[in-house]
Number of protein chains: 2
Amino acid sequence: MAKYPTKFYEDIHVGDEHTTETYFLGMEEVLEFAGKYDPQPMHTDPEKAKDTIFGELVASGWNVLAITMRLMAKSNPLGETPLIGMHLSESRFHTRIHADTNLIVKAVVKDKRMSSSSAKRGYVNMFLETFDADKDVLLVSQNWEIIVPVRHEIKPM
Amino acid sequence: MAKYPTKFYEDIHVGDEHTTETYFLGMEEVLEFAGKYDPQPMHTDPEKAKDTIFGELVASGWNVLAITMRLMAKSNPLGETPLIGMHLSESRFHTRIHADTNLIVKAVVKDKRMSSSSAKRGYVNMFLETFDADKDVLLVSQNWEIIVPVRHEIKPM
């Protein structure tokens, strides 16, 4: 994975864009994740899924959200500055998600503001979109508010 | 787990409350989940975590969100009607979350509305709070908008 330079609050600007690597979500992971975290037949059992409102097996949206986190963390958009979410909002599932899909995430900085209680931290709002990388279809979108140190306060990861 | 009667849109009312069973989040799961989905040192490495802004290992918030989904799915608040999230919002992390914590979820129905495009479906807004069950400390809160069939449209899970 590419290593980007470490960014502090001052280095992050509205409009900054970031695109991750891709991640292959296979059937084995779909079934394993759902069995553990979203145990409902439309996510866990290809046969029983036929009788659900989906009519087929679909991935848990939480699995795709978790992979979105992985793709962002692995691609180090802020270098050594960690991605610490304080507030996640507007997560929308735009279409059903099948197994055997290559996922990719595109993120853009929408807003930033200093903390009202500390001169050491600020908040950055990012809009994230997770796509089927092969079909270029939007699957999930969401907003993250992350906490970011100002330059003189960073600690190593 | 308790099996509740199957609920359709008509059976769900603002103010309805639901409390799940508890789930033990141990260190092994914290490390495994983070290694896969949130690979950052504050979540994956007890030693390196000491040098992060947390100063100690903390669970990934996504791990707790995923367990929240599990607790809801396993406790069947709507009986055979699945929990299908369309829109997740206002997920807030209220305090750091440690390994070896018993988690419990309390949910309350905040709003409901019929679909504007189909007489077969409605939307139900639920407010969920995930607590440390032993210390009664709020860890994560969020809103779910789920899609629910009206009575004559249900298919079996």
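Which residue stands opposite B:Arg121 in β5(B)?

Mentor: B:Arg121 stands opposite B:Pro149 in β5(B). Before going further, note that this is a predicted model, in which local features need pLDDT of at least 70 and side-chain atom pairs count only at pLDDT 80 or more, while totals for chains, interfaces and linings use all residues. Residues are numbered from 1 along each chain as its sequence is written, and chains are lettered from A and ligands numbered from 1 in the order in which they are written.

The strands β4(B) and β5(B) run antiparallel and are joined by 12 bridges (two strands pair if DSSP finds at least two bridges between them; strands, E, of at least two residues, and helices, H or I, of at least four, are DSSP runs numbered from the N terminus). They form a hairpin with 4 residues between them, and B:Asp136 in the turn has a positive phi of about 55 degrees. On the other pairing of β4(B), 11 bridges link this strand to β3(B), again in the antiparallel sense, with B:Val109 opposite B:Met126; here the hairpin has 6 residues between its strands.

These strands belong to an open sheet of 10 strands with antiparallel pairing, in the order β1(A)-β3(A)-β4(A)-β5(A)-β2(A)-β2(B)-β5(B)-β4(B)-β3(B)-β1(B). β1 (17-25) of chain A and β1 (17-25) of chain B stand at the edges, each with a single partner strand, so one side of each is left without a neighbour in the sheet.

Helix α3(B) lies across β1, β2, β3, β4 and β5 of chain B together with β2 of chain A, running at about 125 degrees to β1(B) (angles run from 0 to 180 degrees between N-to-C directions, and axes are lines fitted to C-alpha atoms, for helices over the stretch in contact; residues are in contact if their C-beta atoms, placed from the backbone, lie within 7 Å). Helix α4 (residues 61-75) of chain A packs with helix α3 (residues 61-75) of chain B at an angle of about 175 degrees, their axes 11 Å apart. That makes α4(A) roughly antiparallel to α3(B), a term used for angles over 145 degrees. A:Trp62, A:Leu65, A:Ala66 and A:Met69 of α4(A) make the contact with B:Trp62, B:Leu65, B:Ala66 and B:Met69 of α3(B).

Technical notes: Angles under 35 degrees count as roughly parallel, over 145 as roughly antiparallel, 65 to 115 as roughly perpendicular and the rest as oblique. Two residues are in contact if their C-beta atoms, placed from the backbone, lie within 7 Å.
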